Amino acid sequence: MEEVLQQLANLQYIDSRIDELKQLRGDLPEEILDIETDINRLEAKISRLEEEKKELKVERDNLELEIEDAENKMEKYEEQQMSVRNNREYDALTKEIESQKQVIENSESRLEEIEKRLEEVDPEMEELQEKLDDVKELHEEKKEDLEEVKKNTQKEEDMLLEKREEVEENIDERYLKSYKRLRNGLSNGLAVVPMERGAALGMALPPQTQVEVRKKNKIIIDENSGRIVVHPSFFENAKEELTL
């Protein structure tokens, strides 16, 4: 049983140290994800503006053709008016001319709107592009910061992960499941803690529990926290064995 307690202490020591190394990265991973979201959002906005600009130009070209076509029709109808034989034909051509005038008026009105919008699109795109460039620059800076932190801790983390696999292999499956269940259910991930001055994490242990912990021959569960309490020598051994 003493070997089981030692392996559980080793596993907790390793996991706690890995947690510390991850904390060194701070909020950098989350910040990078947020920045990448901003990049995607800005790129999508620029893409939409580019598409809008393209569609406006196509619409403008079509309207210019409509105006040209309407002007040609008006000219043709006006020529035909000169040779009509009765008022009915003249009135019919007049209606056609008025209809083409309306087409021209509507098209020219829409062309004004398009030109105004096209004048607005480029500045909007430039502003978004400037923001995008700034965000991308920040993204690179944060990635470099994260890589620097990883570089400084990667060797130790790799060693700990390798050692963790070895420790897990030496722990009975039932004890390992209990450890993982405890660790996953705790905010600080401390499933195994040392008894220090008759207390576990500052909470006093009953005298009988203290005696049992010192015997090192059984798994002791702290009634207050539900954690496994072990003799501090197990963590001293873990530190000596596992510290680089």
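In the predicted model, helix α1 passes helix α3 in a left-handed crossing; a crossing is left-handed if the near helix is turned anticlockwise from the far one by less than a right angle, and right-handed if clockwise. Helices (H or I, at least four residues) are DSSP runs, numbered from the N terminus. The axes of α1 and α3 lie 10 Å apart, at an angle of about 160 degrees. Axes are lines fitted to C-alpha atoms, for helices over the stretch in contact, and angles run from 0 to 180 degrees between N-to-C directions. The angle therefore makes α1 roughly antiparallel to α3, a term used for angles over 145 degrees. Contact means heavy atoms within 4.5 Å. On the α1 side, the contact includes Q7, N10, L11 and I14, and on the α3 side it includes V149, T153, E156 and E157. By class, this contact holds 9 nonpolar, 3 polar and 8 charged residues. Ala, Val, Leu, Ile, Met, Phe, Trp, Tyr, Cys and Pro count as nonpolar, Asp, Glu, Lys and Arg as charged, and the others, Gly among them, as polar.

Residues are numbered from 1 along each chain as its sequence is written. The model is predicted, so that local features need pLDDT of at least 70 and side-chain atom pairs count only at pLDDT 80 or more, while totals for chains, interfaces and linings use all residues; side-chain values use heavy atoms, with hydrogens and water left out.

Helix α3 (residues 87-169) also packs with helix α2 (residues 28-81), their axes coming within 6 Å and crossing at roughly 165 degrees. The two helices, α2 and α3, are therefore roughly antiparallel to each other, and α2 passes α3 in a left-handed crossing. The contact of α2 with α3 comprises 30 nonpolar, 7 polar and 29 charged residues.

Helix α1 (residues 2-24) packs with helix α4 (residues 173-184) at an angle of about 35 degrees, the axes being 11 Å apart. Here α1 passes α4 in a right-handed crossing. Residues V4, L8, L11, Q12, D15 and D19 of α1 meet Y175, L176, Y179 and R183 of α4. This contact of α1 with α4 has 6 nonpolar, 1 polar and 3 charged residues.

How values were computed
Parallel < 35°, antiparallel > 145°, perpendicular 65-115°, else oblique.
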